[in-house]
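Let's explore a protein model together, one question at a time. Have a look at the structure first.

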Amino acid sequence: MNFASDNVAGASAQVLEAIVAANAGAAKSYGVDDFTARAEQRLQEIFETDLAMFTVATGTAANALALSALTPPWGAVLSHGMAHIANDECGAPEFFAGGVKMLALGGHGAKPLAADLAAFFDAHQFRPVHQVQPSVLSVSQATECGLVYRPDEIAALAAAAKARGLRMHMDGARFANALVAQEASPAALTWRAGIDVLSFGATKNGCLAGEAVIFFDKALAADFAYRRKRAGQLLSKGRLFGAQLEAYLRDDHWLGLARHANAMAKRLADGLVAAGGRLVWAVEANEVFPILPRQTCDRLAAAGATFYPRSTEVVPASATIGRDEMMVRMVTSFATTPDEVARAIAIAGNKPTP
């Protein structure tokens, strides 16, 4: 019963089999292999547009290098204050972008909307020369609170951002989960809505170590090959990364993995609510943020369930946490089984486990 993160799951069998198959024989190195080329072609089909794709090993590298291509060193990156790029990447965006400043927006559930961006600019002035100049707005899909952006929300936010001269970046670490949570196409959630660059995550959803930086405006990628090399992210045996992505995308495998993770999260959330818990945010992807009695948390932990408590600082005012309660984060993945979920629900309800 490991609900700590979707990072704790391994790779899907289909992805592992593809790596083994690609391992045989020789292939061109440094990402100019046929596997990577086919993966890029498949992404062009999925997103219904010409694009440039660069594989990297980690989500941190994808985000930091993508942002470095969108802002000058004297620029500022705007994101929600809880965004991964602001809190969980050890200063990598600032480092690779030459010392840019990170500025925080508000927004319910770590989800800034157009009104939040307008409020930010109403409250701040950025005089030329004396202040950093806002250059890019980064959004997380899904957000750090498990909420998803709809195409119309992205479009309105991007329009407001571009009216102020900002580029748009999307941290898509859980893009697949956000996509299958709604009836929208990958194109509608990205470039058609105004996203310039997407950090396309696959590691959390079934790849061994597979992330891609996708440029919908290929002109922005003019020097990205050098940025990737300088950052140590140009993999010599790039075919093994290309093979992962090719298998991940084949026959909509990536969507099936995400649907399963989302379904397990919804089942877990419903069961915890039935057992006396309540949700801080709606479960829209594969993250669950319940408020549970401490006794329930203790029972789950004693039975071997793994999850993380969350700071009450991030709880909205509408969600009161009692002295004998805890807010926790529980994440499901493509590898989460119905039996694990059923057992956790039974323990939470203090019932015999199946």
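Here are some questions and answers about pockets and salt bridges.

Q: What kind of model is this, and how are its residues numbered?
A: This is a predicted model, in which local features need pLDDT of at least 70 and side-chain atom pairs count only at pLDDT 80 or more, while totals for chains, interfaces and linings use all residues. Side-chain values use heavy atoms, with hydrogens and water left out, and residues are numbered along each chain, as its sequence is written, from 1.

Q: How much space lies in the largest pocket?
A: Rolling a probe the size of a water molecule over the atoms shows where empty space is left. On a 1 Å grid over the protein atoms alone, a pocket is an open set of points where a 1.4 Å probe fits, with protein on both sides within 12 Å along at least five of seven lines; lining residues have an atom within 4 Å of a point. A volume is the space filled by probe spheres set on the points, which are joined across faces, edges and corners. For the largest pocket, this space is about 580 Å³.

Q: Which helix gives the largest share of the lining of the largest pocket?
A: Helices here are DSSP runs (H or I, at least four residues), numbered from the N terminus. Both α3 (59–68) and α4 (84–87) supply at least two residues of this lining. The largest share, three residues, comes from α3.

Q: How far apart are the closest N and O atoms in the salt bridge between Asp 252 and Arg 42?
A: Side chains of opposite charge can pair when their charged atoms come close. A salt bridge is a side-chain nitrogen of Lys or Arg within 4 Å of a carboxyl oxygen of Asp or Glu. Asp 252 and Arg 42 form one, and their closest N and O atoms are apart by 3.6 Å.

Q: Why does the salt bridge of Arg 192 and Glu 48 tie together separate parts of the sequence?
A: The side chains of these two residues, Arg 192 and Glu 48, meet in a salt bridge (3.3 Å, N to O). Arg 192 lies in the loop between α8 (175–180) and β6 (197–201), and Glu 48 in the loop between α2 and β1 (52–56), so the parts they tie together are apart in sequence by 144 residues.

Q: Is Asp 196 buried or exposed?
A: Asp 196 meets Arg 167 in a salt bridge (3.9 Å, N to O). Buried means under 20% relative accessible area, exposed over 50%, and partly exposed in between (1.4 Å probe, protein chains only). Arg 167, at 33%, counts as partly exposed. With a relative accessible area of 6%, Asp 196 is buried.
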